[in-house]
Amino acid sequence: MLDINKIRADFPILKREVNGKPLVYFDNAATSQTPQVVIDAIVAYYSNYNANIHRGVHTLSQEATDAYEIGRKTVQAHFNAKHSHEIILTAGTTHAINIVATGFTSLLNKGDEIIVSALEHHSNIVPWQMLCERTGAVLKVIPMNEEGSLLMDVYETLLSEKTKLVFVNHVSNALGTVNPIEFIIEKAHEVGAAVLIDGAQATPHIKPDVQALNVDFYVASAHKLCGPTGVGLLYGKEKWLNKLPPYQGGGEMIDQVTFEKTTYAGLPHKFEAGTPNICGGIAFGVALDYMNSIGFENIASYEKELLDYATNELKQIEGLRIYGEAAEKTAVISFNVGQIHPYDIGTIVDKLGVAVRTGHHCAQPIMDFYKIPGTVRASFAFYNTKEEIDIMISAVKRAVMMLS
Amino acid sequence: MSKIKEIQAEIVSEFEMFDDWMQRYEYMIDLGKDLPLIDEEHKTDKNIIKGCQSKVWVHAELEGEKLNFTADSDAIITKGIIAILIRSFSGQHPKDILDADTSFIDEIGLKEHLSLTRANGLVSMIKQLKMYAIAYQTQLN
């Protein structure tokens with residue numbers, strides 16, 4: 001059992017008001033809130049040991065380097081990577097995806113195939129389209145059904161020896177569907193394709209074990225895991241990271257430089273050109289420690305309770321339709337009420353202190369599938385409560401009354 | 001006082017009758033119902049204002065030296081906002097529309113819609129109406 005009052009006290013922002021009402025924050029799928037321990041770690045870094053890392057011999061630089069590398073080791077332990085140098089600290093999920101997509105330019109030939117899913121976010125579609133334009137590779141899409149699940153039988157027919165890379169999100173941001181990535185990875189490996197999993201939406205709810213999954217690449221962002229923005233990870237199996245060329249040139253990523261030839265540094269530095277987000281890397285580790293102290297099993301079971309409660313309550317509202325009803329989903333509910341535009345509902349509930357996301361959630365193909373302009377999306381975290389869900393329900397009802 | 005300013009002052013005083021935001025929003029939704037609707041034939045992708053989370057179509061036509069606007073939106077709050085803008089601009093000379101100030105929006109408690117994070121695109125709507133005014137002003141010259 002989680003002590004929710006104690007947990008809520010860890011998050012200073014949850015005390016604030018919006019439009020004169022207590023904040024109800026249900027936009028956790030966009031970014032999570034930050035606990036005091038993480039804020040403290042950021043303040044401590046800038047107050048006590050702000051310095052550039054991996055180069056200075058002075059005390060501050062060594063302290064900062066140690067703390068940053070502890071951050072990396074914490075990430076390694078959390079995801080159960082075999083080596084800490086398989087953890088590349090990036091600016092976030094999008095950056096991590098682009099390192100892989102750009103790196104594959106030299107590994108693909110015309111006619112090779114990349115498979116992505118119909119449940120993808122724009123940042124998961126565009127880098128692959130760009131990669132296909134550069135290489136002449138072909139993009140194939142795993143379709144979804146009405147309840148928001150990917151069609152695995154179609155996936156199997158898409159796979160062939162031409163498939164070089166499969167890219168799927170672990171959890172869909174718009175619908176919350178948990179995809180069967182174990183099966184996806186296994187089948188891709190049977191034809192020799194590499195697999196990249198986007199864990200941005202999964203990692204706040206699920207603790208993935210990259211070795212057990214046998215995944216080739218796994219990416220996520222700290223800011224959805226109670227950490228700061230501007231930092232995330234690219235996990236890659238050592239053999240894959242060695243195969244990929246560096247993404248950016250700059251300091252930190254080199255071994256020897258002459259005007260004739262530069263040799264690159266080993267992992268992870270090869271992919272960490274320039275001064276990284278030092279404070280972010282440190283705070284990322286602290287955020288993971290915080291979440292682990294609560295426990296991902298506790299988080300998952302409590303969020304499931306919130307999800308079931310909210311789903312039942314929302315369904316009582318006449319004309320309300322939920323999009324994405326896969327058997328396995330995280331605490332995300334996308335919905336519309338009758339013909340009311342999601343933007344209208346979002347605007348009114350915000351006036352009542354409730355923060356939800358409205359729009360196409362950067363996933364226009366999914367909205368096109370359902371032939372809707374967008375949805376209202378409420379996404380819950382372990383610090384939310386049933387009382388807050390009640391506030392949202394009455395706010396939605398009030399909005400519907402005003403808008404119909 | 002210019003005609004546009006007069007109309008804007010009139011709108012502000014109408015909104016002043018309400019004490020809370022909910023009544024103001026309800027009134028704005030009502031004003032949306034009086035919006036001169038765009039003809040279906042003009043509801044094309046070309047006439048959609050970019051930068052809005054909801055769809056907003058605007059069409060402008062010159063009648064003598066006066067510019068008339070028609071519009072529509074698939075979201076009713078947005079429809080109210082465009083209705084307010086059009087009420088203050090429609091039937092006016094393009095030059096007056098170009099010179100018009102739109103700070104009255106603040107006074108009716110819609111200031112939050114001016115923020116750039118707001119995807120309803122009030123800023124884009126004003127810009128688009130003024131673009132029409134520039135185009136027709138050039139034609140009149």
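**Contacts of B:His93 with B:Glu65 and B:Lys66**. In this predicted model, B:His93 touches B:Glu65 and B:Lys66 when residues up to four places away in sequence are not counted; two residues are in contact if their C-beta atoms, placed from the backbone, lie within 7 Å. B:His93 is in the loop between α3 (76-89) and α4 (94-99) of chain B. Helices (H or I, at least four residues) and strands (E, at least two) are DSSP runs numbered from the N terminus. B:His93 counts as partly exposed because it has 19 C-beta neighbours inside 10 Å. A residue is buried with 20 or more other C-beta atoms within 10 Å of its own, exposed with 12 or fewer, and partly exposed in between, the C-beta atoms being placed from the backbone. B:Ile7 is 86 residues from B:His93 along the chain, and their C-alpha atoms are separated by 14 Å. Residues are numbered from 1 along each chain as its sequence is written, while chains are lettered from A and ligands numbered from 1 in the order in which they are written. The model being predicted, local features need pLDDT of at least 70 and side-chain atom pairs count only at pLDDT 80 or more, whereas totals for chains, interfaces and linings use all residues.

**Packing of α1(B) on α3(B)**. Helix α1 (residues 3-16) of chain B meets α3(B) at an angle of about 140°, and their axes are 8 Å apart. Axes are lines fitted to C-alpha atoms, for helices over the stretch in contact, and angles run from 0 to 180 degrees between N-to-C directions. The angle makes α1(B) oblique to α3(B); angles under 35 degrees count as roughly parallel, over 145 as roughly antiparallel, 65 to 115 as roughly perpendicular and the rest as oblique. From α1(B), the contact uses B:Ile4, B:Ile7, B:Gln8 and B:Ile11; from α3(B), B:Ile84, B:Arg87, B:Ser88 and B:Phe89. These residues divide into five nonpolar, two polar and one charged. Ala, Val, Leu, Ile, Met, Phe, Trp, Tyr, Cys and Pro count as nonpolar, Asp, Glu, Lys and Arg as charged, and the others, Gly among them, as polar.

**The side of chain B that touches chain A**. The contact takes twelve residues from chain A and 13 residues from chain B. On the chain B side, α2 (21-33) and α3 are the elements that give two or more residues. The largest share, four residues, comes from α2(B). The chain B side divides into seven nonpolar, four polar and two charged residues.

**The loop around A:Asn80**. A:Asn80 lies between α3 (59-79) and β4 (87-90) of chain A. Apart from neighbours within four places in sequence, A:Asn80 is in contact with A:Asp209, A:Val210 and A:Gln211. The C-alpha atoms of A:Asn80 and A:Asp209 are separated by 5.3 Å, although the two are 129 residues apart along the chain. A:Asn80 counts as partly exposed, as it has 14 C-beta neighbours inside 10 Å.

**An open sheet of four strands in chain A, with α12(A)**. The strand order is β13-β14-β17-β16, with antiparallel pairing; two strands pair if DSSP finds at least two bridges between them. β13 (320-323) and β16 (357-359) are the edge strands, each pairing on one side only. The twist averages 30° from one strand to the next. Three bridges join β16(A) to the antiparallel strand β17 (residues 375-379), and A:Gly359 stands opposite A:Thr375. α12(A) packs on the sheet, touching β14 (332-337), β16 and β17, and its direction makes about 155° with that of β16(A). In α12(A) (residues 342-351), nine of ten residues are buried, including A:Tyr343, A:Ile345 and A:Val349. A:Gly353, which follows α12(A), has a positive phi, near 90°.
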